[in-house]
Amino acid sequence: MARVVFDHVWKRYGNNAVVEDLTLEVPDGEFVVLVGPSGSGKSTALRMLAGLEEISQGNVIIGDRVVTGLTPKDRDIAMVFQSYALYPHMSIYDNLAYGLKLHHVAKPDIDRRVREAASFLGIAELLDRKPRQLSGGQRQRVALGRAIVREPQVFLMDEPLSNLDAKLRVQTRAEIIKLHQRLGTTTIYVTHDQVEAMTMGDRIAVLNQGRLQQFDTPDRLYHHPVNSFVAGFIGSPAMNFFQMRVQDVEGQLKLVGEHFSLPVSAEDASALAAHRDEEVTVGIRPEDIVDRRLDGRLPADAVIPVKVDVVETLGPEQYVYLETAAGDTMVARMPPDIPLRAGNTVDVVLPPDRLYFFDLTSGDAIRGEEVESLAEAG
Amino acid sequence: MGTASRRTIGSILFYLLLAVILVYIIFPFYWAVRSSIAPNSELFATPVQYWPSHATLANYRLVFQNADFIDALRNSAIVATSVTLASLAVGALGAYALGRFSFRGRRPVLYLVLSMTMFPQIAVLGALYDMVNRFGLYNRLGALILTYLIFTLPFTVWVLTSFFQALPHELEEAAYVDGASPLQAFYQILLPLAAPGMVTTGLLAFIAAWNEFLFALSFMQTPDKRTVPVAIFTFTPATGGGFEIPWGQMMAATVVVTVPLIVLTLIFQRRILAGLTAGAVKG
């Protein structure tokens, strides 16, 4: 087991950088998820750590060793691939044993470790089969097994669940977490699925266009995103964004739009003061939009009238697509028992303490002291 | 016209076509067998006899008593086997590079290799003769092994290149992460998966080398170095004052040398068809 460090790592293809100055420290035993849309450089980062991709600049460290120039076999890692990449001509037993044979592990030890891993993953009866005789879920287990028999310092997983159907994916997700809890091996997990990232990661590194946006716990990513990209990427349905102007109205800082204005909470006022008379991006999570009929205590000046476009009923909740008078669309997540019909106009409350603010051009979060002090510490 | 009757007509046409192709392919071989077991007197009898009334194995006996023919069988076996192994070994390595790595000049190399097959044999014969002489290979089987690679290698490289290209990169990478060196990944993971391609190309190389006539005639001088096609061509008859062409024996010899090819094809046919890569990746 070991810590993993990316130290100012770059990957360039010609003049085009796909990973830019990535610095990340994963403590020993942690489960870290690299998440981002396609082209964010997350897979490239993982492959550089594995030694499958050359590092243009910077270093990767596993444990106390700088492994930058080493071949994959000298890095003491195991990897689970998206396609599983099982050796089709070998039995499941040989698939699991192949890495151990290459590392000259004694035969009885190989046998013991292969059987242990197989029974742990519930594939002991499949050892004599060939990969093509297995279902997708079974192949996925074999791919996991091939990684755990090696007892490496670090597990690398490159979208290992994306070839499974939805039900199996949720099930396997839980199993991988259990596996990690039992083995305690440092794990770097790549996915484009933010739900997977949020449910699995001790900490999550959000990447976009080759740059690390935020490296934080799921809870902090959700509640304290550092910029509008992270805010919009984490959470489903995504955060709603619209533009408003910060203005002094009768001595009080307010958000002013074409058709409605919103009050500003006392905590946000100090940070927003610097943006007086500027447009800012305002964000609100779907679950924070409240139907006024539900809670009369919410501030009356934070109410805006909206038109209901579409209602999606999911059972325990409903997603309501709304349109403001200014033409901005928003999604609200509401309890299932509120009567809402497409075409209706309703009053919704955007509670001031639930609003997020971002710089219009840079997208950086506009926040009180708390985030700034964190940024300095990081 | 209903779909059912249209389908019937369709399948009748299909089997008719199949029958034509079968006759076209099998009739010559059938005729060789028929002629090989017919006594000389019945060979050219009219009306045509589709099966000789006095079938005999005399021709086969004569063929196997012919020491030159036995030598030729041995020579052909040596040459064809060596050519097959050499073109697979060299071809697989070349195809691995061409199929798995992108490098400057990859495409030109591929087309250059392909263009080798476009020269008629007779066009390169003179130059090859000179080369064979300089290497001191004249009248040695090595001359044939070397020159046959000219037409077996391009084919082998092309087919295997596409085989290697089709294999998923993640397989190789999984092997690297498991601790394999590039060479180990090549011969423990990729090569077994290219086996269907190896078998197909190997078989075709074997057949090409086994059948080759012009080079074998030109580069070999003494009867003990002849390969089977040349040996059959130079069969001298015991009867007719040396002027009668011994069709019966030639046909018997032809059947004898065709049988190994048929057996090989039957043995490997399942291997050729086996989709070994199934199950390698999702699906």
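Predicted model: local features only at pLDDT ≥ 70, side-chain atom pairs only at ≥ 80, totals over all residues.
1. **After helix H2 of chain A.** His104(A) follows H2(A) and has a positive phi, near 55 degrees.

2. **Packing of H2(A).** Which residues of H2(A) are buried? They are Ile92(A), Asn95(A), Leu96(A), Ala97(A), Tyr98(A), Gly99(A) and Leu100(A). The buried residues of H2(A) pack against helices H3 (107–121) and H4 (136–148) of chain A. They also pack against helix H8 (169–178) of chain B. An α-helix has 3.6 residues a turn, so residues three or four places apart point the same way.

3. **Contact between the chains.** The interface involves 24 residues of chain A and 21 residues of chain B. On the chain A side, two elements give two or more residues: strand E6 (77–80) and helix H2 (92–102). By class, the chain A side holds 15 nonpolar, six polar and three charged residues.

4. **The largest nonpolar core.** This core has 158 residues. Leu156(A), Ile188(A) and Val348(A) have the most contacts inside it. Which element gives the most to this core? Helix H7 (residues 141–166) of chain B does, with 12 residues. In soluble globular proteins, nonpolar side chains tend to be buried together.

5. **Ile188(A) in detail.** Set aside neighbours within four places in sequence. Ile188(A) is then in contact with Val4(A), Val26(A), Val32(A), Leu34(A), Leu46(A), Leu49(A), Val154(A) and Leu156(A). One of these partners, Leu156(A), is itself among the residues with the most contacts in the core.

6. **A sheet in chain A.** Four strands form an open sheet in the order E2-E1-E4-E5, with antiparallel pairing. The edge strands are E2 (16–26) and E5 (65–66), each pairing on one side only. How many bridges join E1(A) to E4(A)? Five bridges join strand E1 (residues 4–13) to strand E4 (residues 57–62), and the two run antiparallel. Within this part of the sheet, Trp10(A) stands opposite Gln57(A) in E4(A). Strands of a sheet pair through backbone hydrogen bonds, either parallel or antiparallel.

7. **The helix across the sheet.** Helix H1 (residues 42–50) of chain A lies across E1, E2 and E4 of chain A. H1(A) runs at about 115 degrees to E1(A). Two contacts of Ile188(A), Leu46(A) and Leu49(A), fall in the range of this helix.

8. **Chain A as a whole.** Chain A has 10 helices and 20 strands. Of its 378 residues, 40% count as buried. The C-alpha trace spans about 80 × 45 × 35 Å along its principal axes. Take contacts in chain A between residues at least 6 apart in sequence: 65% join residues at least 24 apart.

9. **The two domains of chain B.** Chain B divides into domain 1 (3–43) and domain 2 (62–279). Their centres, taken over C-alpha atoms, are 29 Å apart. Eight residues of domain 1 are in contact with seven residues of domain 2. On the domain 1 side, helices H1 (3–36) and H2 (40–43) of chain B each give two or more residues. H1(B) gives the most, with five residues. By class, this side of domain 1 has five nonpolar, three polar and no charged residues.

Technical notes. Residues numbered from 1 in each chain as written. Chains lettered and ligands numbered in written order. Nonpolar A, V, L, I, M, F, W, Y, C, P; charged D, E, K, R; others polar. Domains from an automatic or database assignment. Pairing = 2+ DSSP bridges. Axes fitted to C-alpha atoms, helices over the stretch in contact; angles between N-to-C directions. Buried ≥ 20, exposed ≤ 12 C-beta atoms within 10 Å, placed from the backbone. Core = buried A, V, L, I, M, F, W, Y, C linked by C-beta atoms within 7 Å.
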